Amino acid sequence: MPDEIEAPRLTPLIKAARRLRWLLPLFGISLAAFTLLDRMGLADPAHGAVAVTASVALVQLAAAFLCVVVSAMWLHAASANLAARGVAMQHSPRGAWAWYFLPIANLFMPYRAMKEIWAESLGADYSFAGPSDPLLVRWWSAWIVGNMAMSMAARIDALGGRSMGMVLDAVGVAALFAAGLFFARIVATVTRAQTGQAQAATFA
C-alpha cells in the first residue's frame, strides 16, 4: 500500500472491524435460529415456546441493526482513509454505504464501491474491465442470492407454498451466513492493508 494513513484516522476503521468480528456471526446464527423456530411453528402465540422465539427474534433484529450501522461506519472509514491519502475515489465515503439503501442501484453499486476500496487498499486494478477478486465475487453473489431467496420465501408463503418457502428460507439463510463470513474476511483484509503490517496481529 502507498503512503501510510495517519494513526488517528485508523481508529474508527479498527474499532468497526473489531465489532464486526462478532456481530456478523451473531447475526447469522440468530437469523438461522429464528427462521428454524418460525418454521417449526414456535412463533405462534398459542405455543408455549413463544417467549423463546420472541427473545431470539429480538436478538436477531438487534444484531441486524448493529451490523448495518457498524458496517456503514467501516465502509465510510475505509473510503475516507483512502481519500485522505490523496486517492481520487470514484465513490465518496458516504456513497460507499448509502448505495445499499437505493433501489435498483443496490444491486450493483455497493459491489463497485467495495471493489474500489479493496483495489485501492491492496494496490489492485480497479478499472471496470479489471479482474475482480474471487472473494468479492463470492461475497456479493451470496448477498444477492440470500436476499432474493428470503424475499421470495415470504411471498411464496403468502400464496400457500409452504414447502417451497421452507426451501427458499434455507437457501437464503445459508447464503446470508456465507455472505457475512466473506464480508468479515474482506473487512479484515482491507483493515490490515490500511493499518500496515504492524497492525496485522490484531486481526489474525
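Reply: We begin with a definition: helices (H or I, at least four residues) and strands (E, at least two) are DSSP runs, numbered from the N terminus. Leu66, for example, lies in helix α2, which covers residues 50-84. This is a predicted model, in which local features need pLDDT of at least 70 and side-chain atom pairs count only at pLDDT 80 or more, while totals for chains, interfaces and linings use all residues. Residues are numbered from 1 along each chain as its sequence is written, and side-chain values use heavy atoms, with hydrogens and water left out.

Me: How many helices and strands does the protein have?

Reply: The secondary structure comes to six helices and zero strands, and from the N terminus on the elements run α-α-α-α-α-α.

Me: What is the span of helix α4, and what would be expected?

Reply: The expected span of a helix is 1.5 Å times one less than its number of residues. Helix α4, residues 109-122, has 14 residues and reaches 20 Å from its first C-alpha to its last, close to the expected 20 Å.

Me: Is α4 mostly covered or uncovered?

Reply: A residue is called buried under 20% relative accessible area, exposed over 50%, and partly exposed in between, using a 1.4 Å probe and protein chains only. In α4, eleven of the 14 residues are buried, among them Met109, Tyr111, Ile117 and Trp118. In the protein, 42% of the 204 residues count as buried.

Me: Why does Ile104 count as exposed?

Reply: Ile104 counts as exposed because its relative accessibility is 61%. This residue lies in the loop between α3 (93-98) and α4.

Me: Which residues make the nonpolar surface patch of about 360 Å²?

Reply: Like charges are joined within 9 Å, and nonpolar side chains (Val, Leu, Ile, Met, Phe, Trp, Tyr) within 5 Å. Here the patch is made by Phe65, Leu66, Val69 and Met73, with accessible areas from the Shrake-Rupley method. Leu66 is partly exposed, with a relative accessible area of 37%.

Notes
Patches are made of residues with over 30% relative accessible area and no salt bridge: like charges are joined within 9 Å, nonpolar side chains (Val, Leu, Ile, Met, Phe, Trp, Tyr) within 5 Å. Accessible areas come from the Shrake-Rupley method with a 1.4 Å probe; for residues, only the protein chains shown count as cover. A salt bridge is a side-chain nitrogen of Lys or Arg within 4 Å of a carboxyl oxygen of Asp or Glu.
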